[in-house]
Amino acid sequence: MIIINLDGCKKVTDQSDKVFDDNETKVNDVDDKSSSEELSSNEDSSEEEMIINESENDEADEIAPVSFADAESAYMAFLEGRLEAETGAFFIPDEDGYGGFPEGIYNLDRLRAAAAEYNMTGSTVKYSIEDFDSDGNSTLVLLFESNDPSFLSSVFFINYENKSGGAPLSINYSYEYGYRSDAALYKDGSIVISGSNGAGAHGSSIYQVQADGTVVETADMNTFWGSFANSMPYYIPGADTSEVEHTITDDSEIMVSTVTINGKTSFCAGQRAEDGDVAAMEDAFIKEMQGRGAEYISEEDYDLLTGGLYPSGDVVEFTDAGYYGGSNLYLHPYLEVKEDRLFSKDEDFLAYYSYPVVTLSDKDYDSFPKLSEALDEYFRDYSASHDYQKDKFFKTKEREYEELGNKAYKLADRTTEAVVTRGDELAFSIKMIQKYSEYYELTSMMEYGVTFDAASGQQLALTDIIADEDEFIKAVKNSVDTHYGSSPSAKQISSLIDTSLTDLTGIPWSLDNGGVTLYLRGVQNSYPIMLSFDEAGSAIKPQYSRSAADYISPIEAGEGILADLDNDSDSELISLSLVQREDGCCREIAVNIDGRSRKIQTFEEGNDYFLRQAYLIAADSSYKLYLFGNYGAGEDRLAIFDLTGAEVNEVVAFGDSYSNVSDMAFFPFEGENSGKNSLLCDPYYMILGSTPYCIDAVYAYRTYSAYSAYEPIADTPYYIPTAVNRLTLKRDLEADLLDENGDYFTGNTKTAVKGDICYVYRIVPDLGAYLDLLFDDGDIVRVYPDSYSAPDSIGGVPAADIFDGISEYVY
């Protein structure tokens with residue numbers, strides 16, 4: 001039998017006893033920037049200068065409950081991420097515990113993630129809906145086509161059962177193929193899987209899809225050459241598989257072909273020796289196989305028996321699902337920072353001003369056109385307003401500098417930062433953080449939010465998402481008592497609550513995957529108040545209070561987010577506490593969950609660590625804390641902690657040399673997207689970047705998917721440069737020629753000549769690295785640079801002597 005089933009993939013969990021223990025401390029105030037005493041500032045942070053746009057649009061329509069008129073509607077709901085499917089009997093482990101692909105209830109995201117972890121490769125999602133026996137009952141056939149031909153692809157058969165309990169879709173069968181095997185699915189429900197059984201053996205198995213989506217084997221055929229025929233007993237159902245007594249040796253060129261139908265195995269033998277000891281050996285082998293239950297037939301009879309087994313109809317053609325992470329359930333935004341600096345006539349640095357511009361990816365423009373248009377319009381007006389504010393600010397600072405002189409003047413920074421707190425098919429929300437500093441000391445910070453309905457593009461006011469204002473106000477007050485009652489800022493917050501809640505239309509707010517955050521305004525600082533969806537209950541409209549099971553939420557030091565880590569319908573408050581040295585390096589990092597603090601890392605002097613970004617990633621029923629940071633001598637590394645169950649367990653340690661992920665979130669693009677940085681919203685399509693020191697790419701990226709077991713897995717082995725740089729050959733270059741997509745070797749080489757133009761197409765910078773070059777004539781070639789010495793070389797020739805146009809190296 002040729003179906004490939006790997007060992008069942010088991011979830012890896014941290015068995016360490018390093019949970020909340022004797023090192024536990026009580027945290028009363030997770031908002032370390034808020035205090036009962038307001039910070040003072042010489043800068044006017046008046047209400048008029050806060051750039052906050054509120055929506056005046058009508059309330060959005062509520063989403064009707066999902067119902068399915070037929071199987072195809074249910075299948076499309078699954079492809080859109082709105083429905084789950086449960087594995088059937090085929091996936092139940094046998095008495096020995098072997099079950100192949102893991103059992104479970106999956107949406108499209110989790111199924112793709114599990115398939116990628118099972119096959120150790122990312123994939124492109126394709127599908128077809130087929131009525132195999134033309135009885136009116138269709139089957140969704142889902143193909144996860146491997147992005148790397150060296151690994152396996154997975155095919156799943158999913159049926160709509162419309163049962164009252166559990167998932168309405170059932171995953172009834174799956175198979176894998178690739179590497180040294182191939183598969184074809186026919187429209188009559190026949191499946192042919194064929195491939196190598198070893199260096200001297202080949203096999204084909206034929207299956208038939210049943211009406212309920214299950215699959216039965218109809219025939220199994222295998223061919224063995226020479227001594228490989230000694231493995232034949234393993235292909236005879238119920239046969240004695242002990243060592244063959246009359247073995248075939250390498251002296252024989254016999255070709256043995258078997259076919260098993262309905263449990264009965266027949267075989268023939270060709271390329272027989274005519275006489276002598278070899279012929280006698282072959283005769284003895286044939287008689288032994290007959291004794292083990294196989295019927296010996298002539299080659300002519302074998303051809304007659306197998307000739308009609310192979311299907312002859314049309315094969316199933318798969319359609320690209322348009323899957324771009326989350327089945328278009330997630331958005332993939334970019335952040336561009338607009339900045340300017342003010343200098344005196346004597347080149348003294350006087351002031352810095354910056355503000356953000358958020359845009360969506362090209363794919364998001366296609367999937368969410370109204371939101372894309374609304375965002376573009378908002379940030380056009382926003383940029384114009386900030387440019388005006390910047391000019392006003394710089395003029396004020398120039399005047400102050402002239403009045404105070406160089407010694408008394410204080411360098412001033414006025415910045416606005418943007419954090420995307422939610423980006424999915426329901427809502428897109430951005431938290432804006434306005435900061436004012438003098439001589440690098442923060443004197444004021446105000447926060448507010450901008451939120452859009454993802455489908456309509458409508459900018460939402462807080463009242464647009466509230467179903468019952470009285471219940472909402474009651475829920476907010478209860479949340480304040482629960483989460484902030486013991487905070488040093490409790491008195492200030494209580495006072496602000498009483499005045500702010502009298503007019504909900506004027507409260508700045510943002511939306512995330514766990515709930516709503518209100519930003520109560522003090523004199524120079526704002527106080528974030530979080531209200532979880534669980535706490536709000538029916539006070540928030542259902543289309544905004546529901547969230548994807550899998551999501552990404554950014555976490556900022558000193559502020560918290562809400563998530564139900566232990567699945568008890570009661571959200572926990574999660575935050576990070578940092579103790580920093582004067583140079584900004586971290587001395588300590590602690591995770592706080594509902595007031596309990598767990599120190600996760602202490603950095604000794606000389607071990608410089610800068611925390612760059614932190615995210616809570618919910619994926620596959622687990623919660624992971626991802627900490628992207630720069631550790632040691634310029635080394636980027638991802639640390640991961642498992643917060644599932646409201647505990648803290650180390651998964652990947654800080655600076656872990658065994659971790660494969662040194663790529664970072666929030667890295668600069670070049671070229672067409674120059675100055676933009678990728679933001680993370682989609683746990684199954686995380687764009688992470690690096691600086692692979694390989695010929696010419698200063699910045700390059702690849703996508704990752706988050707998994708529950710260990711660390712995120714790259715969807716492809718290669719990186720894509722963020723900018724395309726034109727290279728001209730200074731000398732002839734011979735290299736392996738790939739196919740038109742760069743996926744396979746053609747077996748040929750290309751000799752590019754001096755003067756030819758090429759571009760870096762993609763890069764694998766690791767050991768055994770390769771670099772693919774795209775030439776102007778469309779040819780793609782692969783070269784193997786030495787990326788472990790500077791400068792890079794190919795075949796012992798320095799890259800700078802081969803290419804003209806290489807960017808300046810970054811080492």
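A salt bridge is here a side-chain nitrogen of Lys or Arg within 4 Å of a carboxyl oxygen of Asp or Glu. The model is a predicted one, in which local features need pLDDT of at least 70 and side-chain atom pairs count only at pLDDT 80 or more, whereas totals for chains, interfaces and linings use all residues. Residues are numbered from 1 along each chain as its sequence is written, and side-chain values rest on heavy atoms, with hydrogens and water left out.

One of these salt bridges joins the side chains of E84 and R110, with an N to O distance of 2.5 Å. E84 belongs to the loop between α1 (71–79) and β2 (85–87) and R110 to helix α2 (residues 108–119), so the pair ties together parts that are 26 residues apart in sequence. Helices (H or I, at least four residues) and strands (E, at least two) are DSSP runs, numbered from the N terminus. The terms for accessibility are as follows: buried means under 20% relative accessible area, exposed over 50%, and partly exposed in between (1.4 Å probe, protein chains only). E84 is partly exposed, at 34%, while R110 is buried, at 7%.

A further salt bridge connects R581 with D608, whose closest N and O atoms are 2.5 Å apart. R581 is in the loop between β26 (572–580) and β27 (586–593), and D608 is in the loop between β28 (596–602) and β29 (609–619), so the pair ties together parts that are 27 residues apart in sequence. R581 is buried at 11% relative accessibility, and D608 is partly exposed at 31%.

K624 and D642 also form a salt bridge between their side chains, at 3.8 Å from N to O. This pair links strand β30 (residues 622–631), which holds K624, to strand β31 (residues 635–642), which holds D642, across 18 residues. Both K624 and D642 are buried. Elsewhere, salt bridges link K431, E447, E556 and E559 in a network.

Attention now turns to a helix. In α9 (residues 490–500), the residues A490, I493, L496, I497 and S500 are buried. They cover an arc of only 125 degrees around the axis, and therefore lie on the same side of α9; the arc is that of the directions from the helix axis to the C-beta atoms. An α-helix has 3.6 residues a turn, so residues three or four places apart point the same way. The buried residues of α9 pack against α8 (469–484), β22 (515–521) and β23 (526–532), where contact means heavy atoms within 4.5 Å. K491 and T499 are exposed on the face of α9 turned away from its buried side.
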